[in-house]
Amino acid sequence: MKDKILIKVIDRLGKKGCHRGHKLGDCFDFDSERGNLCPMAMHCAFPYIDILRYGGKLPLSREGDIRFCCSDADTALVFKLEIVKQGK
């Protein structure tokens with residue numbers, strides 16, 4: 001069983017709201033809910049998720065987690081990737 005990857009909205013860098021309606025605290029399961037995530041955010045998330053799925057390591061933020069931003073310059077949501085280990 002592969003590990004679950006959660007994508008969580010943890011911050012917003014711009015003053016405008018997300019055009020897709022995402023808000024702080026929103027959380028998406030990559031495997032079952034990625035269609036609910038804004039395509040611009042998914043485009044930014046996919047390389048990170050692909051690296052994790054194939055056993056790669058990513059640099060950690062100052063807080064010790066994996067973060068990325070969407071590409072919307074007006075709102076720039078910050079997302080955190082959380083890996084949930086599944087039983088084998």
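In which helix does D31 lie? D31 belongs to helix α1, which covers residues 30–33.

## Basis of the model

The structure is a predicted model, in which local features require pLDDT of at least 70 and side-chain atom pairs count only at pLDDT 80 or more, while totals for chains, interfaces and linings use all residues. Residues are numbered from 1 along each chain as its sequence is written, and side-chain values use heavy atoms, with hydrogens and water left out.

## Overall architecture

The protein contains two helices and four strands, arranged from the N terminus as β-β-α-α-β-β. These elements are DSSP runs numbered from the N terminus: helices are H or I runs of at least four residues, and strands are E runs of at least two.

For 88 residues, a compact globule would have a radius of gyration near 12 Å, and the 13 Å of the protein agrees with this. The radius is taken over C-alpha atoms, and the globule rule is 2.2 Å times the number of residues to the power 0.38. Along the principal axes, the C-alpha atoms fill a box of roughly 45 × 30 × 20 Å. Among contacts (heavy atoms within 4.5 Å) between residues at least 6 apart in sequence, 53% join residues at least 24 apart.

## Surface and charge

The accessible surface amounts to about 5700 Å², and carbon and sulfur atoms account for 52% of it. Areas come from the Shrake-Rupley method with a 1.4 Å probe; for residues, only the protein chains shown count as cover. Buried residues form 34% of the 88 residues; buried means under 20% relative accessible area, exposed over 50%, and partly exposed in between (1.4 Å probe, protein chains only).

The protein carries 16 positive and 12 negative charges, whose mean positions are 1 Å apart. Lys and Arg count as positive and Asp and Glu as negative, with His and the chain ends not counted; the charge is placed at NZ of Lys, CZ of Arg, CG of Asp or CD of Glu.

## Nonpolar core

The largest nonpolar core comprises 21 residues, and those with the most contacts inside it are I7, L37, I49, F68, F79 and L81. At least two core residues come from each of β1 (4–12), α2 (39–53), β3 (66–69) and β4 (77–84), with α2 giving the most, six residues. Such a core is a set of buried Ala, Val, Leu, Ile, Met, Phe, Trp, Tyr and Cys residues joined through side-chain atoms within 4.5 Å.

Beyond its neighbours within four places in sequence, F68 is in contact with I7, A41, C44, A45, Y48, L77, V78, F79 and L81.

## The β3–β4 region

A76 is located in the loop between β3 and β4 and counts as buried because its relative accessibility is 14%. Its phi is near 35°, a positive value in a residue other than glycine. Most residues other than glycine have a negative phi.

L77, in strand β4, is buried at 3% relative accessibility. L77 and D11 are 66 residues apart in sequence, yet their C-alpha atoms are 5.9 Å apart. Excluding residues up to four places away in sequence, the residues touched by L77 include V9, D11, C18 and H22.

D31 is partly exposed, with a relative accessible area of 34%. Residues up to four places away aside, D31 touches K2, D3 and R53. Its C-alpha atom is separated by 8.8 Å from that of L6, 25 residues apart along the chain.

P59, in the loop between α2 and β3, is exposed at 67% relative accessibility.
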